Amino acid sequence: MNALFVSAILGVLLMLSSLFIKDRNYIHALALAGLAVLFAINLAEFDGWLLFEMDLSGMLRFDRYALVMNAIGLASFFFYLLLSGSAMEKVGPHHADYLALLFFICAGLFMVTGFESLLILFLGIEVVSIPLYILTGSDKRNLKSNEAALKYFLLGSFSTGLLLLGIAFFYGARGNFMATVSVDPTVVGSSLQLAAVLLLLFAMSFKVSVAPFHFWTPDVYDGAPTVFTSFMATIVKVALFAAFVRLFEDTFSLQFSLWQPWVAGFVVVTLLIGNLTAVFQQSVKRMLAYSSIAQAGFMLLAVYTINGDSKEGLLLYAASYSLATIGIFAVLVYLQDHTFEGFNGLAKKQPIVAASLVIFSLSLAGIPLTGGFLAKLFMIKAALAYQPWLAIVSVVMAVVSVFYYFRLIQAMYFRKDAQSISIEFPKSFPIGLLVTALIVVLLGIFPEAILGLLYF
Amino acid sequence: MVVLLLLLIPLIGASFLFLYKGDHQFASTASLKLSLVSLLVMCLRLFCWHTPEQLSFTAPWLTSLGSSFSLRMDGLGTILSLLTTTAYFLLFWYMRSRTIERPAAFFAWLLLAQVGMLGVFLAMDSLLFYFFWELALIPMYFLASQWGGARSVSVTFKFFIYTFLGSVFMLIGILYLQSKTADHSFALESIKKIKLTSDQQSWLFWFFFIAFAIKLPVFPFHTWQPDTYEESATPVTAILSAIMVKMGVLGLLRWVLPLFPIASYMWGDVVMSMAVAGIVYASFLAMQQVDLKRLIAYSSIAHIGLMTAGAFALNQLAYQGLLIQLFTHGINILGMWILADIIERKTGTRSIDSLGGIAQHSPTLTIFFVIIALANIALPLTNAFVGEFLLFAGVLATPSTYYWAFAVAVGLGIILSAVYTLRMIRAVFYGQPSARTSMAIRLALHEVGALVFIVGLILFFGICPQPLIDMTADFSKDLFGQTDITSLFRKS
């Protein structure tokens with residue numbers, strides 16, 4: 001709860017800061033300091049330390065899981081700012097405003113991970129979505145950015161409509177908005193309730209870009225300024241997944257048999273479409289867009305299985321996937337050429353950057369000794385307990401993912417660039433990237449660092 | 001502790017070389033010294049350290065998952081560690097006189113691969129085993145792609161995808177086994193206690209076997225192998241075929257046979273057929289090859305086929321032969337690759353047609369080559385004879401009804417191996433010298449040193465194989481106890 005309020009206040013502060021602080025570096029430093037404070041008070045809440053007492057009427061509940069998820073989001077946000085914060089200048093002159101919007105999104109994410117009433121879920125998703133629409137269109141003179149923003153806005157509003165309708169049906173069936181299991185037999189089997197389950201399933205699938213509701217994703221991710229694509233593909237997406245799991249675990253576990261086959265189908269379709277399409281992309285940015293769909297397929301296994309293993313796996317997934325994707329996007333921002341050729345010969349010119357990118361790619365592909373492997377391991381283990389064939393489909397698709405992640409490695413290490421364009425990174429950038437990569441590796445060796453937070 | 005030491009020495013060396021970019025002189029000297037230290041540690045293990053505390057190491061790791069960092073050196077681990085440390089030492093010795101691009105990175109990746117392979121040989125926890133299995137693959141991917149020929153990037157990628165595909169199925173198998181254990185543990189000991197029905201064994205068998213079959217490679221999973229061996233730099237090929245394929249054999253001996261004995265018996269005929277088909281097929285293909293490296297690559301498939309057949313012969317004789325062969329095959333094939341590399345470097349070609357008559361000007365090289373090649377076809381008094389003889393005897397004694405067919409095919413393979421090897425010797429070393437071979441090939445001191453060492457090993461273990469048998473007798477007996485199909489039936 002601490003982080004929710006403080007991040008909203010920080011957003012306002014940052015928005016106003018541009019009036020008084022002219023130097024961007026100070027604004028940037030202010031944002032980083034703000035994040036450190038957020039992280040600290042979020043950690044403090046683990047021990048029950050609250051900034052102030054407030055009657056939430058049971059509409060928000062920050063349990064361990066939500067707090068860990070928030071901590072992961074904040075840490076990812078920190079690395080995101082560190083690595084690509086300065087790249088925001090390329091988008092436009094409103095540096096402080098972008099940062100403010102990002103902090104508002106954060107506030108929305110904390111509502112989403114901690115919701116106990118479906119109204120809060122709805123509010124949270126809106127608080128997340130509206131700044132995202134703006135950020136997508138923030139490159140005002142770029143036609144693609146405008147197109148992406150409009151597309152995102154129209155389709156996003158549509159899915160919000162579905163969500164709202166689902167919540168309305170939910171209220172009709174139960175007479176309240178609380179995300180709790182209802183054992184009332186008139187509720188469990190009622191058609192209103194069934195409609196609510198499906199509508200909410202579709203709406204949430206849309207928000208986390210699960211196929212067949214993924215069509216907006218490649219265009220929006222591709223059109224949005226790369227810095228902001230990075231944010232929405234990672235921090236936003238994993239937090240929404242936490243909400244997805246929470247919604248279906250807390251509310252609909254009795255309708256398990258109704259929605260589980262749907263989710264299983266979505267998993268398969270998402271894995272197939274995401275992976276197979278990503279193989280054929282020429283642009284790294286579009287490849288990452290499809291890869292984010294493919295990874296969503298893996299994360300959706302957490303919704304499918306809903307057990308301890310997969311919930312722990314989702315946390316690991318959130319951390320390793322976010323950091324790795326943020327890292328690759330951060331490099332992409334500095335490249336002129338966004339195709340795979342743009343990475344040719346990077347190993348010679350920037351060995352540290354290239355080595356870090358190798359670790360990110362290996363993690364995303366799920367190779368051992370990286371966080372990505374253990375994340376996938378948890379998911380597959382959970383899926384194996386229900387449907388062995390689902391586990392088999394997922395591992396085969398993990399092999400397919402090697403095809404596109406390794407193209408990055410092949411370009412960097414085994415191909416020479418035709419015209420040697422020198423790539424300039426800020427001075428401390430390679431070190432920051434390397435630290436991020438080391439964290440991804442550490443997650444693969446000592447996952448207890450994160451999972452331990454759940455229990456101690 | 002010795003097991004941990006064996007892993008730490010190359011690991012420290014690799015990290016050091018990655019950070020410190022030295023020249024060739026520095027990198028090769030440092031690697032040679034490290035490999036010598038590893039070999040000495042291994043020798044100390046053989047002669048001084050025997051207690052179980054010295055041979056195993058367990059540390060808590062991923063405890064919440066049910067895994068632990070548990071290493072132990074049994075007979076199989078001993079012989080494979082001995083092979084790894086010896087082969088690395090010999091290869092690095094030879095590499096002293098062979099320059100290579102970006103030497104620091106090259107040696108660092110090789111050392112990292114050593115960590116992975118030794119880990120595979122020593123891991124007693126299935127998840128740890130999987131970790132090392134992949135850890136060995138990544139350095140090989142970089143080595144083969146970066147220091148290879150023109151097609152090496154795509155060829156190596158095929159190798160990577162094949163191996164990775166196989167290993168993810170194994171991962172599912174491992175996770176399934178873990179879910180069946182009483183204490184939700186990945187440890188080999190816990191997995192052995194599970195009572196699996198024959199149906200469960202049957203599908204688990206294939207999930208594991210495919211991973212190992214691709215690594216070995218067994219026909220028809222071998223298509224990555226000739227290309228990768230040909231395109232990689234020869235020192236990398238040497239590591240691939242001398243040590244890395246042994247990961248597959250180890251997989252069969254440590255995981256497949258003892259965990260799924262009934263399925264191994266049920267599918268034994270199928271696997272044996274694949275193996276002997278591979279022997280005959282690869283031998284015939286080897287006879288057609290004009291490229292020296294491809295020829296050795298196909299001969300390697302034939303040898304691996306024999307080992308696989310031995311593993312599924314399911315009797316102690318074959319196991320014992322196989323365990324000896326693990327070491328001798330590694331040493332012999334390493335010698336073959338070093339010689340092929342010398343010939344290619346000094347004459348500028350590896351096409352058999354444009355070679356010939358080397359013996360006239362370079363008798364020393366010829367003597368080395370003939371001895372190592374004869375060892376490769378398992379002539380009596382060379383080290384491979386004992387192992388191959390036991391394997392052949394084991395295949396004859398297999399419980400399968402088609403034992404005679406397998407024995408005939410294996411025998412044919414042994415004869416054919418003599419045919420293509422002797423043909424190669426004739427074509428490369430005898431006849432009229434060509435333009436490329438009219439100059440004498442001078443061997444550098446390090447090259448002679450490494451080759452003398454190899455020839456020494458060949459002759460020593462050819463005359464006196466008892467140490468190798470003693471090293472592994474317990475393991476083969478134990479393994480037979482776990483897979484003896486008649487006693488299994490008697491029990492049930």
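**Figure 1. Domain division of chain B in the predicted model.** Chain B comprises domain 1 (1-266) and domain 2 (290-492), with bounds taken from an automatic or database domain assignment. This is a predicted model, in which local features need pLDDT of at least 70, side-chain atom pairs count only at pLDDT 80 or more, and totals for chains, interfaces and linings use all residues. Residues are numbered from 1 along each chain as its sequence is written, and chains are lettered from A and ligands numbered from 1 in the order in which they are written. The centres of the two domains, taken over C-alpha atoms, are 21 Å apart.

**Figure 2. The side of domain 1 of chain B that touches domain 2 of chain B.** Contact (C-beta atoms, placed from the backbone, within 7 Å) links 44 residues of domain 1 with 43 residues of domain 2. On the domain 1 side, at least two residues each are supplied by helices H4 (75-95), H10 (224-231), H11 (234-259) and H12 (261-266) of chain B; helices are DSSP runs of H or I, at least four residues, numbered from the N terminus. H11(B) provides the largest share, 14 residues. This side has 29 nonpolar, 10 polar and 5 charged residues, where Ala, Val, Leu, Ile, Met, Phe, Trp, Tyr, Cys and Pro count as nonpolar, Asp, Glu, Lys and Arg as charged, and the others, Gly among them, as polar.

**Figure 3. The largest nonpolar core.** A nonpolar core is a set of buried Ala, Val, Leu, Ile, Met, Phe, Trp, Tyr and Cys residues joined through C-beta atoms within 7 Å; a residue is buried with 20 or more other C-beta atoms within 10 Å of its own, the C-beta atoms being placed from the backbone. Among the 377 residues of this core, A:Leu300 and B:Leu334 touch the most other members. Helix H15 (residues 316-347) of chain B gives the largest share, 18 residues. Because domain 1 (1-266) and domain 2 (290-492) of chain B both give residues to the core, the core lies between them. Not counting residues up to four places away in sequence, B:Leu334 touches B:Ala87, B:Leu90, B:Leu91, B:Ala238, B:Ala242 and B:Ile454.

**Figure 4. Helix H16 of chain A.** H16(A) (residues 351-365) has 15 residues and spans 21 Å from its first C-alpha to its last, close to the expected 21 Å, which is 1.5 Å times one less than its number of residues. Because 12 of the 15 residues are buried, H16(A) is largely enclosed by the rest of the structure. The buried residues include A:Val353, A:Leu357 and A:Phe360. Their packing partners in chain A include helix H13 (284-305) and helix H18 (388-414). A:Gly366, with a positive phi near 85°, follows H16(A).

Notes: Two residues are in contact if their C-beta atoms, placed from the backbone, lie within 7 Å.
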